[in-house]
Amino acid sequence: MFSNFGGFPRKASFASRFSTAPISAMLFDFDDVLMVTEDNAHKIFEIMFVQMEVGGHKRPNGISFKDKRSEEKSVDFLTRVYADPVLGQKAYDIVETLYYQTEIPAVEGAAETLRLLKQNNTPFAIVSNLRNELLEYRFKRLFGEFEGTVVLGQSRKPEPDNIHRALEILGITDPKEVLFVGDKMDTDVKAAIAAGCHPVFFGPIDFEGVKRIKEETGYKGPVGWVSNHQELRELIIGRSKSKPPPHPR
Ligand SMILES: [Mg+2]
């Protein structure tokens, strides 16, 4: 049933989860691939609700943000939650302020992965649906050592346009040699497939999700998956197509 995954013990299946194509570039989603977003967004929303109640506004009943995607946490969304544009804007302003004030950590091992790519001279870029200002602020704060990285926000994934744009900026002509690493099936994996890149799912594997995405897109290739950055680096090591940087002499 799951021909790319089925039946093998975990370690033996590791290589079989991926194509063996060389890697000429890598693209990353940001939220929950490079930064621990959802858990912290959830905490921020809890604080916002407390502050809204201080202002006399009750928390809407039955609203849980645990499973909401970050792109839904917008003025529009909060306006719907509060059924009032003024309250929606107020809630959003509180979230926005908290978001800038709160320290949000990088995903464990993310910087090591980017360092490995730097060492290999493999170009990489960030393609996120997050708003540009927030994305640039957060990237700089957590990954300031990688100054000059191509960071594209407001990407509208699953639309592939910003993936095309990133590859153009990086000077990559063959998307098949590009890994796109993301943690959401319906935005990241679909965008990678639409752009002709090799999708790599980051996080606990979701067999049903993979099956559904393949049915919906007609994609026949492998959907890779890694559970963490260490596995991602194992995948990268030995497959970098880029030339090593010139010998310093
Ligand atoms: Mg994400």
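A helix, as the word is used here, is a DSSP run of H or I that covers at least four residues, and helices are numbered from the N terminus. The structure treated in these exercises is a predicted model.

**Exercise 1. Overall composition and confidence**

Task: State the secondary structure of the protein, and identify where pLDDT stays under 50.

Solution: 
1. The protein has 10 helices and six strands.
2. Of its 249 residues, 33% are buried.
3. Among contacts with a separation of 6 or more, 68% are made by residues 24 or more positions apart.
4. Confidence comes next: the average pLDDT is 85, and 84% of the residues score at least 70.
5. Residues 1–16 are the stretch where pLDDT stays under 50, and the model has 11 contacts for them beyond four places in sequence.
6. Where pLDDT is low, predicted coordinates should not be read in detail.

**Exercise 2. The order of the sheet**

Task: Give the order of the six strands and explain what sets β3 and β6 apart as edge strands.

Solution: 
1. The strands form an open sheet with parallel pairing, in the order β3-β2-β1-β4-β5-β6.
2. At the edges stand β3 (150–152) and β6; each has a single partner strand, so one side of each is left without a neighbour in the sheet.
3. From one strand to the next, the twist averages 25°.
4. The pairs can now be followed across the sheet. Between β2 and β3 there are three bridges in the parallel sense, and Ile 126 stands opposite Val 151 in β3.
5. β1 is joined to β2 by three bridges, with Phe 124 of β2 as the bridge partner of Met 26.
6. Strand β1 (residues 25–28) also pairs with β4, over four bridges; here Ala 25 has Val 178 as its partner in β4.
7. Four bridges likewise link β4 and β5 in the parallel sense, and Phe 180 has Pro 199 of β5 as its bridge partner.
8. Finally, β5 (residues 198–202) is joined to β6 by three bridges, where Val 200 stands opposite Gly 224.

**Exercise 3. Burial within the sheet**

Solution: 

**Exercise 4. The nonpolar cores**

Task: Name the residues that touch the most other members of the largest nonpolar core, and list the contacts of Met 26.

Solution: 
1. The largest nonpolar core has 47 residues, of which Met 26, Leu 27, Phe 28, Ile 163, Phe 180 and Val 181 touch the most other members.
2. Helix α8 (residues 185–195) gives the most to this core, with five residues.
3. Leaving aside residues up to four places away in sequence, Met 26 touches Leu 117, Thr 122, Phe 124, Val 178, Leu 179 and Val 181.
4. Another core, of nine residues, lies apart from the largest one and includes Ala 41, Met 48, Tyr 82 and Ile 94.

**Exercise 5. The buried side of α10**

Task: Identify the buried residues of α10 and the elements against which they pack.

Solution: 
1. Helix α10 spans residues 229–236, and its buried residues are His 229, Leu 232 and Leu 235.
2. These residues cover an arc of only 110° around the axis, which puts them on the same side of α10.
3. They pack against α5 (110–120), β4 (178–182) and β6 (224–226).
4. Just after the helix, Gly 238 takes a positive phi of about 85°.

Notes
Residues numbered from 1 in each chain as written. Predicted model: local features only at pLDDT ≥ 70, side-chain atom pairs only at ≥ 80, totals over all residues. Buried ≥ 20, exposed ≤ 12 C-beta atoms within 10 Å, placed from the backbone. Helix = DSSP H or I, 4+ residues; strand = E, 2+ residues; numbered from the N terminus. Arc of directions from axis to C-beta. Contact = placed C-beta atoms within 7 Å. Pairing = 2+ DSSP bridges. Axes fitted to C-alpha atoms, helices over the stretch in contact; angles between N-to-C directions. pLDDT = per-residue confidence, 0-100. Core = buried A, V, L, I, M, F, W, Y, C linked by C-beta atoms within 7 Å.
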